[in-house]
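Dear colleague,

Please find the structure below. A short account of the findings follows it.

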Amino acid sequence: MSIKVVLPAAFVRHTDGQKQFASTAENLPGLIADIDQTFPALSTQIKDEGGKLRKFINIYVNEEDIRFLGGETYAFQDGDEVMLIPSIAGGSR
Amino acid sequence: MEYSCSAYELKCNECGKRFGNQPLSACPDCLAPLEIAYDMELARVTFTRANITAGPFNIWRYAALLPIPAGFQPDLPVGFTPLVRAKNLGKRIGAKNLYIKNDAVCFPTLSFKDRVVSVALANAQKFGFDVVGCSSTGNLANSVAAQSARLGLKATILVPADLEPAKILNTQVYGARLVRIDGNYDHVNRLCTQIADEYNWGFVNVNLRPYYAEGSKTVGYEIAEQLGWRLPDNVVCPMAGGSLIRKIRKAFNELIELGLVEDKPVRFFGAQATGCSPISTAVKQGTEDILPQRPNTIARSLAIGNPADGPAAAKMIRATGGWAEDVSDIEIVSGMQELAETEGIFTETAGGVTIAVTARLYAHGRISPDETTVVCITGNGLKTTDALSDQYHPERAVRPRLVDFDEYLRELDGAPEPELAEELAIAGVSHVH
């Protein structure tokens, strides 16, 4: 099983220019662990002092906010496109 | 006339790092939203009552505390909308010192978005963007389209496909490229962040957002100035993404810091539709953790299920001792009608939300009748007439003859009072058949 992970441009400097990568993570905690291993520089940026994903980062699976899918309990499906998006998007009428 | 402003630059709210001036909305390190920080010492010299009152009757009188690039020469008279004493509405809802800040008449496209867009596009030009855009539920689309046309910029505007027809038309008429997206506003906005990453376009509410949002401060400056350089006790504000309510407070705080108004606490109250109420839900639950919602309300301009400034708005409301409420679609329509019937102000559905919430705040004793309260109306009802389509029906046409008009009145109002009938008879008008 493999998922495609898409990153915002702001993160590319922490991934040696990679805008996306493949992961075999089965869920969100697994994906964060994968990022810890593969892109340690990125890992320090996306987590707060307590090791939790920063509140300004939204996770989308395909077109859906992962919180509507069960959040950390959601099991990634083969071929899922997982996007990390800054929460700056949102909030303009 | 060229306007001078204080020195300013982008600053991360979370980690405090500064980033100069560039089209950037999120901190590259922690992704927290960026805001504009000013040289407030310089502002003490430039942002004075004398300088402000010598300026034009529009938002550019406050240019010294707006992020306006050097050399920018604004010629669009946006803002300085009326602050209306609302005695009639006040009587109905139990308020004695109620004011309406009426941005339903803001120039050029009848919403408060004209303020933010004028600041955003000044910066878009400075950064050299040929193409500008936005994600919008309507009012922002209208304003970007109109002001881009005037400035000679190409505009690409993305909206949810189910937008109100009037808001679609009011974007197309200015020649903007309108892209309808099969999804809600949150879907549209996510796509726009990706487009902004890929294309060299200036999105006013994405990569130009810190500059754009500062335009909202002018609502706060105007309220204070129009109250005679005083702050109100309370402000009631509609909330979509949660930016406006925070920026009005920022304006008040800047005025206090610079000694232009008396330092006093102002309570802030947020209004949402129950069908999309992530911020009011958080306030009621005593948290600033925003749980996203799937919007389902006629107040589509407030239908942002995952508001970027929601956590900060919820925190601010609670810190000021305010509150947030949400109202049903039926109450929203009643709110629109109430404001129109009492004050002659026709607001869109978002204004219906705000009026209905205001009434509830008084009814529940969260605002006392004597307190000076300003209610922010941010958009015009002509853009959302479909929300009222079930409320009014055309009456039958009347033939152009007095006897037919008499008959018509009797149908509507019943038989005339005896005294009136007698007077009419003396006047030679026969009413009794």
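Buried here means under 20% relative accessible area, exposed over 50%, and partly exposed in between (1.4 Å probe, protein chains only). By that scale B:D75 is exposed, at 54%, and B:R150 is partly exposed, at 49%.

This is a predicted model, in which local features need pLDDT of at least 70, side-chain atom pairs count only at pLDDT 80 or more, and totals for chains, interfaces and linings use all residues. Residues are numbered from 1 along each chain as its sequence is written, chains are lettered from A and ligands numbered from 1 in the order in which they are written, and side-chain values use heavy atoms, with hydrogens and water left out.

B:R150 and B:D75 form a salt bridge, with their closest N and O atoms 3.3 Å apart; the term denotes a side-chain nitrogen of Lys or Arg within 4 Å of a carboxyl oxygen of Asp or Glu. B:R150 lies in helix 5 and B:D75 in the loop between helix 2 and strand 3, so the pair ties together parts 75 residues apart in sequence. Helices (H or I, at least four residues) and strands (E, at least two) are DSSP runs, numbered from the N terminus.

A second salt bridge joins B:R360 and B:E325 at 3.0 Å, N to O. It connects helix 14 with strand 11 of chain B, and B:E325 is buried, at 7%.

UniProt, in an unreviewed entry, places "modified residue: N6-(pyridoxal phosphate)lysine" at B:K113; its positions follow the numbering used here, feature names are shortened, and annotations may be inferred rather than shown by experiment. B:K113 belongs to helix 4 and is buried, at 4%.

Yours sincerely
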